Structures are given as structure tokens and as C-alpha cells.
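Here's a quick briefing to read alongside the sequence and the 3D view. Have both open and follow along by residue number.

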Amino acid sequence: MTAELQYLTLSAVFAALMWIPYIVDLLARNPIKDAVGYPDTPLRMAPWAERLKAAHYNSVENLVVFGALVLVLHLTEAGSSATETAAATYFWARIVHTISYTAAIPWVRTISFLVAWAAMIVIGWAVLNG
């Protein structure tokens, strides 16, 4: 497995697990029938849980682009040390983004998002010029 595919897998597993803490919070704050049903009023969540949920949605949205780029990179055999570094950077930047978003750390959240975006651009550039 290439490094890029490994970081794609790690990113997907991370996104697949992100929902657990905010759902635990949701279940702890609301009656079970509301948490598993369709209540008329919005369910209560802690502010950190709401931010984690938003970070999760953002992670999934970006994973689609990252995944497509890594798969095309792999199929075209355009990988290099730069794309390996970009894939690792993407993964770690998304971890930092999630933590800083959940903890409400303003500049770190934005910068980590931009770092992950730049990593995707590096991979996209490699695909287009490979």
C-alpha cells in the first residue's frame, strides 16, 4: 500500500469515528426516545459537541475530494515524495482542525483547514502534471 493510500485510509477511519463523542453527548442530554426518534424540538447538545459535529461534516466533505485525488494519483502512478508528504500533511492537519474546531481555537482551526486544502492542491497538481 502506498503512503497516500495509507493516509486516505487513516483519514476515512478517523471520519468514521468522529461521530461517537457527539452522539454520546446527545444521548446523555436527551431522552432516549427523542435521541433515536424525530422530536419536534431540536435536541440539546453541548457547544463542544455541536462544533465537533460541524467538524465531522467538514471532514466528510473534504474526504470526498482528498479520496478522489489520492485514488486518481494511485491509478496514474503519479505519486512522489511530495505527494506522500502532502497526504501525511492532510491527515495531521485534519486532526488538528477537528481538535481546534471542537475546542473553539479560532486561528488554529482556520490555518489547519488551509494546510489540509493546500495538501490536496499538491496532490491534484501532481495528478494533472503526472
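Before we get to helix packing: axes are lines fitted to C-alpha atoms, for helices over the stretch in contact, and angles run from 0 to 180 degrees between N-to-C directions. What you're looking at is a predicted model, where local features need pLDDT of at least 70, side-chain atom pairs count only at pLDDT 80 or more, and totals for chains, interfaces and linings use all residues. Residues are numbered from 1 along each chain as its sequence is written, and side-chain values use heavy atoms, with hydrogens and water left out.

**Overall picture**

- The protein chain has six helices and zero strands, with helices (H or I, at least four residues) and strands (E, at least two) taken as DSSP runs numbered from the N terminus.
- Its C-alpha atoms fill a box of roughly 55 × 30 × 20 Å along the principal axes.
- Of its 130 residues, 38% count as buried; buried means under 20% relative accessible area, exposed over 50%, and partly exposed in between (1.4 Å probe, protein chains only).
- Take the contacts (heavy atoms within 4.5 Å) with a separation of 6 or more: residues 24 or more positions apart account for 74% of them.

**How α4 and α5 pack**

- The axes of α4 and α5 come within 8 Å and cross at roughly 170 degrees.
- That makes the two helices, α4 and α5, roughly antiparallel to each other; angles under 35 degrees count as roughly parallel, over 145 as roughly antiparallel, 65 to 115 as roughly perpendicular and the rest as oblique.
- On the α4 side, the residues that meet α5 include W48, L52, F66 and L73, while those on the α5 side include T83, Y90, H97 and T102.
- The residues of this α4 and α5 contact divide into 10 nonpolar, seven polar and two charged. Here Ala, Val, Leu, Ile, Met, Phe, Trp, Tyr, Cys and Pro count as nonpolar, Asp, Glu, Lys and Arg as charged, and the others, Gly among them, as polar.

**The nonpolar cores**

- A nonpolar core is a set of buried Ala, Val, Leu, Ile, Met, Phe, Trp, Tyr and Cys residues joined through side-chain atoms within 4.5 Å.
- The largest one has 22 residues, and L8, F66, V70, L73, Y90 and I123 touch the most other members.
- Two or more residues of this core come from each of α1 (3–17), α4 (47–76), α5 (81–102) and α6 (106–129), and α5 gives the most, with seven.
- Leaving out residues up to four places away in sequence, L73 touches E4, A78, G79, T83, I123, A126 and V127.
- There's also a second, separate core of 10 residues, with M18, A49, L52 and A55 among them.

- T83 sits in helix α5 and is buried, with a relative accessible area of 1%.
- Not counting residues up to four places away in sequence, T83 touches E4, L73, A78, I123 and A126.
- S100 is also in α5 and is buried, at 2% relative accessible area.
- A polar atom of the S100 side chain lies 2.8 Å from the backbone oxygen of V96, and the S100 side chain reaches the backbone oxygen of H97 at 3.2 Å. Both are polar contacts: a pair of N or O atoms within 3.5 Å, where, within protein, one must be able to donate a hydrogen and the other to accept it, and residues adjacent in sequence count only if both atoms are side-chain atoms.

**The start of the chain**

- M1 lies in the segment before α1 and is exposed, with a relative accessible area of 77%.
- Apart from neighbours within four places in sequence, M1 is in contact with Q6 and T9.
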